[in-house]
Amino acid sequence: IDIYKGRILTCDCSFSCNTAAAGGAISTYFTKSIRITGSHCEYNRAQQGGGVFIKFAATVSQANNCFLGNKANYGGAVICTKLKQIFFSEIIFKNNTVKERSSALYLTGSDSIVVHIVKCIFRSNSGKSTGALEVRHFKHLKIINSVFTKNLVSRFGGGAVYCKSVDTIMSLKNVFLHNKASIGGAFCGKKSHVVSFNQTYFAHNIARHYGGAIHIDNKVKSKGRNSRNYYFPGTVQNVNCSFFSNKAFKYKGGAIILEYVQYLQSIYCNFIKNIGAAVFVIHFQSIYFLHCKISKNILGVFNARYGDKVINECCIITDNHLAWKNQMEIIIDVRSCKLMVVANSKYENNHGSYYEGFYCIFVDRIIHIKSSYSYNRGIESAAAYHLQCANIVYIKCAIIENNVARSGLTKRSALIIIDNAHNVTFVNSTINLNNGRCISLSKVNHTQIVGTVFQHNYNSQAG
């Protein structure tokens, strides 16, 4: 079907084994409204939009449709371009393939458009460059109660979803399972002001490079001979989300990697059994973790570099492990930051390599308050290593039953190592039942230890 202008209603139809240049089953231009319901598009082929091609339409609405086994160069099942409003509800996209980008649904528009994807299933779609769902140049994207599983991108990013220049993205009650890509196994985003994941579940997603589940890059490069990178203003919010057993082969962002994102907020989230530093953030202004559980991750939990504020509050960080072959990896790594706060948190039973624990370098102010560090193991340090930092404060903290394998064998090995620092303070803290030197201070110009209890600590090595 090839339609020019007018209004279109297609109901309870079947389109199979058709071939065209654009839209193997349906092709439309300059229409006021398009509504397709209860229809099947199967094994159609086209250069653009294997099943349906829509261009210059006011409103597109699809419900209760199935797109199966369609093939194209771009948009394996559906392409929609230059539209005003898009509604997709209860649609199945399965086994669609493309030679280039967007294996199932490809949407491009203008900055005034809202896209709704509700109760849809994207399963086993595969392509070369971008994910099953690709969205570009929209004002708002809302994905609700949808499932993305076993989608594959062979070369680029976003195995399930790829977004670029979408102002606001909201994911609510979605599931991302077993998706694969080079970067961002499940989701890849660029240049968005707000990206919100609420009650969303990410499990067993794989990235061959980095960002096992999510990769978001808001980097903007200025033009000219002296070009430089700068922020595209953006916020990423994770609320009541779970990241389980996602993997990044290059060990950066087993669950999430963010670049040039101003604000990251994770509230009531679980990060469990991810491989590669679970959260990896480069160039940021503020990172905030509240009431999160972070456990049984391999090769680190958290890596933040070149930012302003890192705040962990009421978090449980437990049972994380580092592989022996990566001897300089750390559970939590914060570098070149103005402020780091760890409040009311538990850090327990983590196993590191050399500098395990909180590794901080070039941080202007570090505050640990009402937090506990227990049953951790490391070779050089078990709880924290602070290098060239200033204003380090431990207030009402408990450091109990940690173990340092090489304590006494090297000059600086200890539960807490502080090197080349200014103004170190321990207040009303408890340091008990640890195996290894408790605190090592080197080139620290001012130290205060007030109301702190050292009891039943034991150093099995010399020194």
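These legends go with a set of close-up views of one predicted protein model.

**View 1**
Of the 463 residues, 54% are buried. Among contacts with a separation of 6 or more, 75% are between residues 24 or more positions apart. The protein exposes about 18,400 Å², and carbon and sulfur atoms supply 50% of that.

**View 1. Phe93, a residue with a relative accessible area of 0%.**
Phe93 sits in strand β12, which covers residues 92–94. Is Phe93 buried or exposed? Phe93 is buried, because its relative accessible area of 0% falls under the 20% cut-off. Leaving out residues up to four places away in sequence, Phe93 touches Phe67, Ala77, Val78, Phe88, Ala104, Leu105, Ile121, Phe122, Arg123 and Asn125. For a sense of scale, the C-alpha atoms of Phe93 and Gln199 are separated by 23 Å, and the two residues are 106 residues apart along the chain.

Phe30 belongs to strand β5, residues 26–37. With a relative accessible area of 43%, Phe30 counts as partly exposed.

**View 2. The salt bridge between Lys190 and Asp217.**
By the rule used here, the model has five salt bridges. In this one, the side chains of Lys190 and Asp217 meet at 3.8 Å, N to O. The pair links distant parts of the chain, with Lys190 in strand β23 (residues 187–190) and Asp217 in strand β27 (residues 214–217), 27 residues apart. Both ends are tucked away: Lys190 is buried, and so is Asp217.

**View 3. Asp333 and its two arginine partners, Arg305 and Arg335.**
Asp333 forms a salt bridge with Arg305, where the closest N and O atoms are 3.7 Å apart. Asp333 lies in strand β40 (residues 332–343) and Arg305 in strand β38 (residues 302–313), so this bridge ties together parts that are 28 residues apart in sequence. Asp333 also forms a salt bridge with Arg335, and here the closest N and O atoms are 2.9 Å apart. Arg305 is partly exposed at 22%, and Arg335 is partly exposed at 25%. Elsewhere, salt bridges that share partners join Arg101, Glu134 and Arg136 into one network.

How many cavities of 30 Å³ or more does the count come to? The count comes to one. The largest cavity holds about 30 Å³ of space. Its lining is made up of Phe289, Ile294, Val301, Phe302, Asn312, Cys315 and Ile317.

Ser372 is found in strand β43, residues 372–374. Ser372 is buried, because a relative accessible area of 16% is under the 20% limit. Setting aside residues up to four places away in sequence, Ser372 touches Ser345, Lys346, Tyr347, Glu348 and Ala398.

Most residues other than glycine have a negative phi. Asn344 has a positive phi of about 55° although it is not a glycine. Asn344 lies in the loop between β40 and β41 (346–348), and at 36% relative accessibility Asn344 counts as partly exposed. Glu401, also not a glycine, has a positive phi of about 55°. Glu401 is found in the loop between β47 (398–400) and β48 (403–404). With a relative accessible area of 36%, Glu401 is partly exposed.

Technical notes. Residues numbered from 1 in each chain as written. Predicted model: local features only at pLDDT ≥ 70, side-chain atom pairs only at ≥ 80, totals over all residues. Heavy atoms only, no water. Helix = DSSP H or I, 4+ residues; strand = E, 2+ residues; numbered from the N terminus. Buried < 20%, exposed > 50% of the residue type's maximum accessible area, 1.4 Å probe, protein only. Contact = heavy atoms within 4.5 Å. 1 Å grid on protein atoms, 1.4 Å probe; cavity = no way out; pocket = protein on both sides within 12 Å on 5 of 7 lines; lining within 4 Å. Points joined across faces, edges and corners; volume = space filled by probe spheres on them. Areas by Shrake-Rupley, 256 points an atom, 1.4 Å probe, with all protein chains shown as cover. Salt bridge = Lys/Arg side-chain N within 4 Å of Asp/Glu carboxyl O.
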